[in-house]
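Colleague: I have a few minutes before the next meeting. Can we go through this one together?

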Amino acid sequence: MNEIRSRTAWPTSTDYTAAVQQPTLAFGDDELKNASLVTNMWGMPAVTSGQNAVVFQLTTANSPVAVRCFVSPPADGAARYGALGQHVAHSSCKALAAATWIENGVIANGISWPIVKMPWVEGRPLNLVVEDLAQHPQALLTLAERWSALVVELQTKSITHADLQHGNILVTNGLDIRLVDLDGVWVPGMTVGPPNEVGHPNYQHPGRATHHWGITTDSFSALLIYVSIKALAADPSLSRFMGGENLVLNRSDLVSSEATPAWSALLASPSGEVRMLAERLRELARKPSPPT
């Protein structure tokens, strides 16, 4: 099967959408075979598309689940998710949605493809929540502190997500935070190499390369997110820099050695803490490689 996949283009979102409409025939997992597909207002499968995969929601006898179907080859997916599962079995992390790799998970275009099955996480992407809370500074401060606690938990449990960005950070109505898309995760003892991706450019250190992958990989993006939320709480007008794929800063800000409007606004924040952290973040961005 792996040999066939290597010579075959991976299914598209349209291919998977057509396949999953008959769960009994599409899925290899017994729970998914007997699940009901969640549909949109037009009666079509509700699907969320990302760079490397599409996600469908199904309702099982026990609970709603998310099924992640890949549109490009997941680098060492079985080994990566297996190592993560073993690690969290001994050191659980509430920030991560439990994920199960299923090798022959879904049939599309007559071929069986791998999937990741996980509990459905209710929540909205971080950037949309932050936009809605722009005029509610206390809620943003609460969100910032919960983000800080989540990062500390990851560091304490020796888990690196490796692509911390708004689309992978879901926030509930109660401001609880969960991380999804664990394709690039790192845990101690992992025997596979780094993923092919280096994360969302608006959140990663401009010097990050594929070999920058380990215990400290999340440090820069975690600080960037924290500073951004705190800065928006102190000055809601900073929301003018949010373009739908970022918080306050974007890739051009991060690669610039000069003061951009966004950097200038952060460094002029009414919050002394934000000014201090923004200066530290800019120092790190100017270094040739990510912080260790």
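Modeller: Let's begin with the aromatics: Phe70, Tyr81 and Trp101 form one aromatic cluster. Bear in mind that this is a predicted model.

Colleague: How many aromatic pairs does the count come to?

Modeller: The count comes to three aromatic pairs, taking rings whose centres lie within 6.5 Å. For phenylalanine 70 and tryptophan 101, the ring centres are 5.7 Å apart and the planes make an angle of 40 degrees, so this pair is tilted.

Colleague: Which strands do phenylalanine 70 and tryptophan 101 lie in?

Modeller: Phenylalanine 70 is in strand β4 (residues 64-70) and tryptophan 101 is in strand β5 (residues 100-108), so the pair ties together parts that are 31 residues apart in sequence.

Colleague: And phenylalanine 70, buried or exposed?

Modeller: Phenylalanine 70 counts as buried, at 1% relative accessibility. Tryptophan 101 has 18% relative accessibility and counts as buried as well, because the cut-off is under 20%.

Colleague: What does isoleucine 102 touch?

Modeller: Isoleucine 102 lies in strand β5. Setting aside neighbours within four places in sequence, isoleucine 102 is in contact with Asp29, Trp113, Pro114, Ile115 and Lys117. Its relative accessible area is 14%, so isoleucine 102 is buried.

Colleague: What about aspartate 181? Where is it found?

Modeller: Aspartate 181 is in the loop between β9 (177-179) and α8 (219-234). Aspartate 181 is not a glycine either, and its phi is positive at about 60 degrees. At 17% relative accessibility, aspartate 181 counts as buried.

Colleague: Next on my list is lysine 157. Which residues does it touch?

Modeller: Not counting residues up to four places away in sequence, lysine 157 touches His87, Ser91, Ser92 and Cys93. From lysine 157 to serine 92 the C-alpha distance is 7.9 Å, while the two are 65 residues apart in sequence. Lysine 157 has its place in the loop between α7 (137-156) and β8 (169-171). With a relative accessible area of 21%, lysine 157 is partly exposed.

Colleague: Now the whole chain. How many helices and strands?

Modeller: The protein has 11 helices and nine strands. Along the principal axes, the C-alpha trace spans about 60 × 40 × 35 Å.

Colleague: What is the radius of gyration?

Modeller: It is 20 Å, which agrees with the value near 19 Å that a compact globule of 292 residues would have. Buried residues make up 49% of the 292. Of the contacts with a separation of 6 or more, 64% are between residues 24 or more positions apart.

Colleague: And the surface and charges: what are the numbers?

Modeller: The protein exposes about 13,300 Å², and carbon and sulfur atoms supply 53% of that. There are 20 positive and 25 negative side chains, with the centres of the two sets 4 Å apart.

Definitions and conventions:
Residues numbered from 1 in each chain as written. Predicted model: local features only at pLDDT ≥ 70, side-chain atom pairs only at ≥ 80, totals over all residues. Heavy atoms only, no water. Helix = DSSP H or I, 4+ residues; strand = E, 2+ residues; numbered from the N terminus. Rg over C-alpha atoms; globule rule 2.2 N^0.38 Å. Buried < 20%, exposed > 50% of the residue type's maximum accessible area, 1.4 Å probe, protein only. Contact = heavy atoms within 4.5 Å. Areas by Shrake-Rupley, 256 points an atom, 1.4 Å probe, with all protein chains shown as cover. Lys, Arg positive; Asp, Glu negative; His and termini not counted. Charge placed at Lys NZ, Arg CZ, Asp CG, Glu CD. Phe/Tyr/Trp six-rings, centres within 6.5 Å; stacked < 30°, edge-to-face > 60°.
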